[in-house]
Amino acid sequence: MKKVTNVFWIALALALLAIGFGAFAPDSFAEVTGNIKTFLTTSFGWYYLLIVSIIVLFCLFFLISPMGQIKLGKDSDKPEFSFGTWIAMLFSAGMGIGLVFWGAAEPISHFAIDPATAEPGSAEAMRESMRFSFFHWGIHAWAIYAVVALALAYSQFRKGEPGLISATLKPIFGDKMKGPWGTFVDIIAVFATVVGVATTLGFGAIQINGGLAYLFDGIQEDDFVVQLIIIAIVTVLFMISAWSGLSKGIKYLSNANMVLAIALLGAMIILGPTLLIMNMFTDTIGTYFQNIVQMSFRAAPIDGENRSWIDGWTIFYWAWWISWSPFVGVFIARVSRGRTIRQFLLGVLMIPAFVSFLWFAAFGTTAIDVQQSGVDLTGLLTEQTLFAVFNELPFGVLLSVIAVFLITTFFVTSADSATFVLGMQTTGGSLYPQNSVKLTWGVAQSAIAVILLSTGGLDTLQTVLIIVAFPFSIIILLMMTSFYKAVTIEYKAIKRKR
């Protein structure tokens, strides 16, 4: 068992500073983070669009390249987890709460509140709402996770390096990654993970609060005290799960998540406007692929209103996925040993994206159908939109209860996966980090989530995400360069042996 490294102490100190700043000077914290976010989205929005597009092209290249036959592990290695469990684990870690939170709320916003380009409430706005929801949650999101996980799995299992972000950069920087520069890279990765996961815990607490308020009259909407209690309870639950290890708690909860998610999705398709859902799903897949290039590079340089929409949605999502990528990347790499590069990319890019498409088609189309029936969803808090939709369907209370339970289990799996990853990253890449280290990071994540909620809720959560993603995006570019160099050299050596 490896001891904690300097990365642990420095990253923990930074996390404590952030917690202290937010706790003792909440107004200043919100102002400072808001100013930084405005600067980044105004000056570097084009950068986020370009880097994510480059990442997608990078993944597609390796998907069709002969180099895709190289295994993420030794040639004799077999996958540690079954295909179904593998998909469940990466899906639970990679999306989870977000799908439940935004499944109905995002399409309604794009349709009736603030469409990207169309008139609110129009047929074009309906088509556009689905297309952009697919875009934000589809291949681009999973490509960001994939490149980080790919570089890590190759470095760790094929080349025998420790499971650290810094170790993936050795092909271009050599032994410099064993010194201060490597520590610096790992600190950025750990801090991005802590803030990214804490942000999602905040989203989870907000929506559980919204669901409970819809189910029980005595609970208030958007109640910070209720959210604090929710985070405290879930922290205990995910620490118990993390304590039990990867092959027990996380594995079983991930499988349970998928069963619940599929059940809720199936119920929505059956109880909602089934024919319209399937028609929208089919039509939107076509328009998604028809418009994917235009959407990927859409920067609206001379249209301030459209530019504001892009900053609030697309740039926010790209930053969210980037900030989550060190955590999800390390976790996906850890559970992907023994698969080839091509198998890995097919599984990580295509299957979760397809499920996300079906999810938004079902929940988004049903929400829009409810809106068009005369029930106004536009004045609700974001976290309550889903429950308002359930209220208009048969078995609405039962669906709401299932949704709250699903959000809770997604909450737990995201958090316990993150504590495992943070433990790895701060103990020199250990595959079995100490429970005390995981406990420390679990408490830190929850504390930051509480601070972010207390200083402005969703606005502060989104602001901090965009800030944290920026430095790690540069590291992702370096990881891609390093991975390409290493795999190219190995592939040439394999060809010579033949």
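Start by selecting A105, E106, P107, I108, S109, H110 and F111 in helix α5, which are buried (under 20% relative accessible area with a 1.4 Å probe, protein chains only). Helices here are DSSP runs of H or I with at least four residues, numbered from the N terminus. Since seven of the nine residues of α5 (residues 105-113) are buried, the helix is largely enclosed by the rest of the structure.

A word on what you are viewing: this is a predicted model, where local features need pLDDT of at least 70 and side-chain atom pairs count only at pLDDT 80 or more, while totals for chains, interfaces and linings use all residues. Residues are numbered from 1 along each chain as its sequence is written, and side-chain values use heavy atoms, with hydrogens and water left out.

To see the contact (heavy atoms within 4.5 Å), show E106, P107, H110 and F111 of α5 with A125, M126, S129, M130, F132, S133, H136 and W137 of α6.

Now move to the largest nonpolar core, a set of 180 residues (buried Ala, Val, Leu, Ile, Met, Phe, Trp, Tyr and Cys joined through side-chain atoms within 4.5 Å). Pick W102, I165, F344, F390 and W441, which touch the most other members. Helix α13 (residues 304-334) supplies the largest share of this core, 18 residues.

Finish at W441: leaving aside residues up to four places away in sequence, its partners include F8, L12, V190 and L422.

Notes: Buried < 20%, exposed > 50% of the residue type's maximum accessible area, 1.4 Å probe, protein only. Helix = DSSP H or I, 4+ residues; strand = E, 2+ residues; numbered from the N terminus.
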